[in-house]
Amino acid sequence: MISPTLQADETTTKTWTVVISRGQSRNPAKRATEQSITDAAAEINGAHVIVVPHLYDLPKGGESLQKLAAIEGNLIVVSWIFPRAAHWVLDRNGVRGQFVAVELGDPAGDDAEQDQDASASDSNDRDDVERVDQLYPRPEREIHCIDLKLEIGADEIIAEIQRLIQADSATAQSPSDPNSLPIIGGQIVQVDEDTSRRWYPVIDFSRCTNCMECVDFCLFGVYGVDGAETILVEQPDNCRKGCPACSRVCPENAIIFPQHKAPAIAGAETGGSEAFKIDLSKLFGAPEGSDDAIATAARERDEQLLLVGRDAIGIDDQLQRRQADLQAKPKDELDRLIDSLDELDL
């Protein structure tokens, strides 16, 4: 039986928690930015602050994820990975809600943001295929994600955090609220947890259609299915470090590697799978030559198989079908742009 004091109803006070995810490096400038945001956020009325190691590196069942999973109310997540990646890293660890990307430092203004939203919406609705998050909706609470890699000052990030919290008329929280985080040094909870750098795929379920192509493609046991036959990253640490091959064969650009050098693979908002094609050009550092995404993925997979003493497979029947499907699509403006760049032999 749930205690009446813990039951959520229309009179329950909303809470906001600011999550500061520290960077992997010990760069003094990055540490100073994190600390200034932490200190300022702790002074905002109605806000709790929790500081954790790098989100992507957090171990399953560790102290950081336990504390994050216990948080109720809206979150503002400040991290060194793309907002979309941060959201789905949290989601895979049971910290779920509605994704809200916080757009800062965008000189294009509101029109560009609206265009981006429309593009993403068109991408998800273009073929009337149900996405996994439509089948299994996330809670209504908001998870706002801010990218620390943006070339903006800490003051602008702090101002946005303050705006988000103070815009909510119900942010004031009673000191006796049983759902509040433990208070250390004001309103700051610091989690010092040993982590190591990791490499594993993160699934964006707002794009994923549960097609299972990643399960068929990956030969290292990374993917599996849950009790509802939904795709999941079952053995993340089986993933081969530096290999993003499965993201290249995903038809919906739903697989993210937050630490990859290519923004489209690392979780940047590209406006859907069409914009992902730019990753195949030399602009994003794709391998030299005329290989498409499928051929590149097959080569990357073979490299990893050979490293562990297994036989290379190359482009198997499944990949041949995917390759044929891609090549059968009519060329659009972006295809023609990439072709023209190739012709220039840059």
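This section describes the aromatic ring pairs and the charges placed over aromatic rings in a predicted model.

A search of the whole structure identified 3 aromatic pairs. One of these is formed by Tyr 56 and Tyr 200, whose rings are stacked, with a centre-to-centre distance of 4.3 Å and an angle of 25° between the planes. Tyr 56 is located in the loop between strand E2 (47-52) and helix H2 (63-69), and Tyr 200 in the loop between strand E6 (188-190) and strand E7 (202-203); the pair therefore ties together parts that are 144 residues apart in sequence. Tyr 56 is buried, because its relative accessibility of 0% falls under the 20% cut-off. Tyr 200 is likewise buried, at 0% relative accessibility.

A further pair involves Trp 88 and Phe 205, which is edge-to-face because the planes stand at 70°, over the limit of 60 degrees, while the ring centres are 6.0 Å apart. This pair also links distant parts of the chain, 117 residues apart: Trp 88 belongs to helix H3 (residues 83-92), whereas Phe 205 lies in the loop between E7 and helix H7 (213-217). Trp 88 is buried, with a relative accessible area of 4%, and Phe 205 is buried at 10%.

Charged side chains were also found over aromatic faces. Lys 149 is positioned over the face of Phe 82, at a distance of 4.0 Å from the ring centre. Arg 310 is placed over the face of Phe 220, at 5.4 Å from the ring centre.

Terms used:
Residues numbered from 1 in each chain as written. Predicted model: local features only at pLDDT ≥ 70, side-chain atom pairs only at ≥ 80, totals over all residues. Heavy atoms only, no water. Phe/Tyr/Trp six-rings, centres within 6.5 Å; stacked < 30°, edge-to-face > 60°. Helix = DSSP H or I, 4+ residues; strand = E, 2+ residues; numbered from the N terminus. Buried < 20%, exposed > 50% of the residue type's maximum accessible area, 1.4 Å probe, protein only. Lys NZ or Arg CZ within 6 Å of the ring centre and 35° of its normal.
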